[in-house]
Amino acid sequence: MARHLRRRAAVVAPVVGMLLAAVACSPADDGGSPQASTAAPASTAAAPSTAASPQPTPDVSVETVVDGLPVPWGLATLPDGTLLISLRDEARLVVVDPDAGTTTEVTGQGAETLVAQTTPDGEGGLLGVARDPASGDVFLYRTGADDNAVLRGALDGTTLGELTTVLDGIPRAGHHDGGGLAFGPDGFLYVGTGDAGDGAASQDPGSLGGKILRVTTDGDPAPGNPDPGSPVWTLGHRNVQGLGWDASGRMVASEFGQNTWDELNVIEPGGNFGWPDVEGPGTDGQETDGTVAPGAWWSTADASPSGLAVTDDAVYLAGLRGERLWRVPLEDPLGEPQALLAGELGRLRNVAPVVPGGGDADGLWVLTNNTDGRGSPRDGDDRLVRVTLR
């Protein structure tokens, strides 16, 4: 795939994105600096002339599956159709049966290890979860006292066996801890990390902070990485929590901006995505040469995208500060973003297809995130809902 490089800000590559007028926003979020501005600039950006005509925005309906989830974060579908969900601050895992509407706590040695090893701190805690389709093992991203790490264990029903450390030494802080985990179509594990408040680390190839990492299930650098001795797949990221692939193998990732722009990036091996020198498409005075331009961007008030899901029709991003679900049609280039569920459920943390690899009509699982101290909890929050699109 050809790399779409930014040029100088005066000649920014065309973007796919619809930016809403600036709105009042909540205190600094998972992507925003604690000192970030609380209002994003009003701006618009047109779709490039090569884009297809805008698709109609689908109608949506929402059904609560389970409620009373304390600060849910990671979301993974299991082979029997149940869902594995991580609870960030309590460092617990639960299995949800969406047909029965029941929640069962995961127990066992691995569950005890998670509680013992996890040190919740601000945005850190028990974060991403992913299941290896080959071995069936589950992989977990946790914040410890000294670092963020990826752990692996066997899940038998609701019993988690002994955990082994796959990858450690990922910088940790009270914010920008990353936490995205996903298995790619190549069978390797991809890990989204944050800069842990140190923007320079994102440009340092020797640091695991501010990167997308690609590793084997044992934590070794995966064959075919840009540097064969390094797990780094891409650099120049601020805080990556959502990872996915379309049917053609095109990889996408969500990116928290700071004061101005959030991003949906089309990931290219070895690419430099600009942070901390460039945010979004770049602004006057920012040097953008050699960095990869985002496929779409939004004001931080409209998005703050965490989890991400890919169907055969579109990419969906769960918005925290934006309190909406963004739908970006899978076109080439990406289609014009569409805002769904604006304000209806509050803060949205994660999203997954009801049928992995299925289409929009199969629906989506969505996790709300109103009980983390930054939202306004509603009766029953937080909850897992099923979103049906028509």
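**Briefing: strands, spaces and a chain end**

Leaving aside residues up to four places away in sequence, Arg390 touches Pro58, Asp59 and Ser61; contact means heavy atoms within 4.5 Å. This is a predicted model, in which local features need pLDDT of at least 70 and side-chain atom pairs count only at pLDDT 80 or more, while totals for chains, interfaces and linings use all residues. Residues are numbered from 1 along each chain as its sequence is written, and side-chain values use heavy atoms, with hydrogens and water left out.

**The chain overall**

- The chain holds two helices and 26 strands. Helices (H or I, at least four residues) and strands (E, at least two) are DSSP runs, numbered from the N terminus.
- Of its 390 residues, 59% count as buried. Buried means under 20% relative accessible area, exposed over 50%, and partly exposed in between (1.4 Å probe, protein chains only).
- Among contacts with a separation of 6 or more, 59% link residues 24 or more positions apart.
- The accessible surface of the chain is about 14,200 Å², and carbon and sulfur atoms supply 48% of it. Areas come from the Shrake-Rupley method with a 1.4 Å probe; for residues, only the protein chains shown count as cover.

**Arg390**

- Arg390 sits in the segment after strand E26 (384-389).
- Arg390 counts as exposed because its relative accessibility is 65%.
- Asp362 is 28 residues from Arg390 along the chain, and their C-alpha atoms are 9.7 Å apart.

- Strand E17 (residues 251-255) is largely enclosed by the rest of the structure, because five of its five residues are buried.
- In a regular strand the side chains alternate between the two faces of the sheet.
- Met251, Ala253 and Glu255 point one way from E17, Val252 and Ser254 point the other way, and all are buried.
- E17 pairs with strand E16 (residues 240-245) in the antiparallel sense over four bridges. Two strands pair if DSSP finds at least two bridges between them.
- Leu243 has Ala253 in E17 as its bridge partner.
- Five residues lie between E16 and E17 in their hairpin, and Gly249 in the turn has a positive phi of about 95 degrees.
- E17 also pairs with strand E18 (residues 261-267), in the antiparallel sense over five bridges.
- Val252 stands opposite Val266 in E18.
- A hairpin of five residues joins E17 to E18.

**Cavity**

- Rolling a probe the size of a water molecule over the atoms shows where empty space is left.
- The whole structure has one cavity of 30 Å³ or more. On a 1 Å grid over the protein atoms alone, a cavity is a set of points where a 1.4 Å probe fits but cannot get out; a pocket is an open set with protein on both sides within 12 Å along at least five of seven lines; lining residues have an atom within 4 Å of a point.
- The largest cavity holds about 60 Å³ of space. Grid points are joined across faces, edges and corners, and a volume is the space filled by probe spheres set on the points.
- Its lining includes Glu255, Trp261 and Glu263.
- That lining divides into five nonpolar, three polar and four charged residues. Ala, Val, Leu, Ile, Met, Phe, Trp, Tyr, Cys and Pro count as nonpolar, Asp, Glu, Lys and Arg as charged, and the others, Gly among them, as polar.

- The largest pocket has a volume of about 950 Å³.
- Of its 38 lining residues, Ala182, Phe183, Leu243, Pro353 and Pro356 are the closest to its centre.
- Elements giving two or more residues to this lining include E16 and strand E12 (180-183).
- The pocket lining has 22 nonpolar, 13 polar and three charged residues.
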